[in-house]
Amino acid sequence: MGVWALLLVGVVLLLGLCGVLVPGVPGSWLVWAAVMWWALQDPQPLAWGVLVGATVVLLLSQVVRWALPPRRLRTSGATPRMAVYAGLGALAGFVVLPVVGAVPGFLGGIYLSERLRLGRHGEARAAVRTAMRSGGWSVLAELFACLLIAGAWLGAVLSG
């Protein structure tokens with residue numbers, strides 16, 4: 001697979017990661033479709049292993065999402081700015097402290113957004129709890145799964 005095709009797959013993966021944070025956009029399925037496209041274009045055992053792993057991870061994340069309360073983030077006061085901060089925090093946490101750093105990064109992003117908006121520590125903590133109870137855990141589960149898949153894809157591409 002050429003460099004431009006790999007770059008395009010990476011762009012679709014990034015769009016899928018952003019789509020997880022936007023209601024109504026099938027972000028996780030974009031991530032899976034990008035990995036499937038890559039695996040079909042580069043039929044190596046490693047590519048097929050990443051595709052199978054991505055499928056299993058996404059199915060597990062869907063089961064977890066169905067077990068969690070439904071998303072009602074808009075009614076809790078969540079803003080698009082909060083989603084951007086949470087997504088960037090999760091991505092930064094995933095890079096700084098591989099894999100497990102996404103969770104504190106996500107929570108830290110929500111906290112930073114609310115602290116900047118509300119100005120006080122106690123109110124920001126209460127807003128984080130409200131956001132997580134009203135569907136934040138569902139978003140985090142889906143985002144975490146997509147970050148795992150994107151990381152596996154990037155590792156497979158870099159390893160050859």
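Which side chains meet in a salt bridge at 3.3 Å, N to O? The side chains of Arg-65 and Glu-142 do. The legends below treat this pair and other close-up views.

The model is predicted, and local features need pLDDT of at least 70, side-chain atom pairs count only at pLDDT 80 or more, while totals for chains, interfaces and linings use all residues. Residues are numbered from 1 along each chain as its sequence is written, and side-chain values use heavy atoms, with hydrogens and water left out.

**View 1. The salt bridge of Arg-65 and Glu-142.** A salt bridge is a side-chain nitrogen of Lys or Arg within 4 Å of a carboxyl oxygen of Asp or Glu. Side chains of opposite charge can pair when their charged atoms come close. A search of the whole structure finds two salt bridges. In one of them, Arg-65 and Glu-142 meet with 3.3 Å from N to O. Arg-65 belongs to helix α3 (residues 45-67) and Glu-142 to helix α6, so the pair ties together parts that are 77 residues apart in sequence. Helices here are DSSP runs (H or I, at least four residues), and they are numbered from the N terminus. Arg-65 is partly exposed, at a relative accessible area of 24%, whereas Glu-142 is buried at 4%. Buried means under 20% relative accessible area, exposed means over 50%, and partly exposed is in between (1.4 Å probe, protein chains only).

**View 2. The salt bridge of Arg-117 and Glu-114.** The closest N and O atoms of Arg-117 and Glu-114 are 2.5 Å apart. Both residues lie in helix α5 (residues 102-118), three residues apart, and are therefore separated by about one helical turn. Glu-114 is buried, with a relative accessible area of 1%. Arg-117 is partly exposed, with a value of 46%.

**View 3. The aromatic pair of Trp-29 and Trp-32.** Rings of Phe, Tyr and Trp (its six-membered ring) pair if their centres lie within 6.5 Å; planes under 30 degrees apart count as stacked, over 60 as edge-to-face and the rest as tilted. By this rule there are two aromatic pairs. Trp-29 and Trp-32 make an edge-to-face pair, 6.4 Å centre to centre with 75° between the planes. Both lie in helix α2 (residues 27-41), three residues apart, about one turn of the helix. Trp-29 is partly exposed, with a relative accessible area of 43%, and Trp-32 is partly exposed, with 23%.

**View 4. The aromatic pair of Trp-38 and Trp-153.** This pair is edge-to-face, with 6.4 Å between the centres and 85° between the planes. It links distant parts of the chain: Trp-38 is in helix α2 and Trp-153 in helix α6 (residues 121-159), 115 residues apart. Trp-38 is buried, with a relative accessible area of 3%. Trp-153 is buried too, at 7%.

**View 5. The largest nonpolar core.** A nonpolar core is a set of buried Ala, Val, Leu, Ile, Met, Phe, Trp, Tyr and Cys residues joined through side-chain atoms within 4.5 Å. The largest one has 34 residues, and those with the most contacts inside it are Leu-13, Val-35, Trp-38, Phe-106, Ile-110, Leu-143 and Leu-147. The elements that give two or more residues to this core are α1 (3-21), α2, α3, α4, α5 and α6. Helix α6 provides the largest share, twelve residues. Contact means heavy atoms within 4.5 Å. Apart from neighbours within four places in sequence, Ile-110 is in contact with Met-82, Ala-86, Val-128, Ala-131 and Met-132.

**View 6. The surroundings of Ala-90.** Ala-90 sits in helix α4 (residues 80-96) and is buried, with a relative accessible area of 0%. Not counting residues up to four places away in sequence, Ala-90 touches Ala-102, Gly-105, Phe-106, Leu-143 and Leu-147. The C-alpha atoms of Ala-90 and Gly-151 are separated by 13 Å, and these residues are 61 residues apart along the chain.

**View 7. The surroundings of Ser-28.** Ser-28 is placed in helix α2 and is buried, with a relative accessible area of 2%. Leaving aside neighbours within four places in sequence, Ser-28 is in contact with Gly-16, Val-20, Leu-58, Gln-62, Glu-142 and Cys-146. Glu-142 also takes part in the salt bridge with Arg-65.
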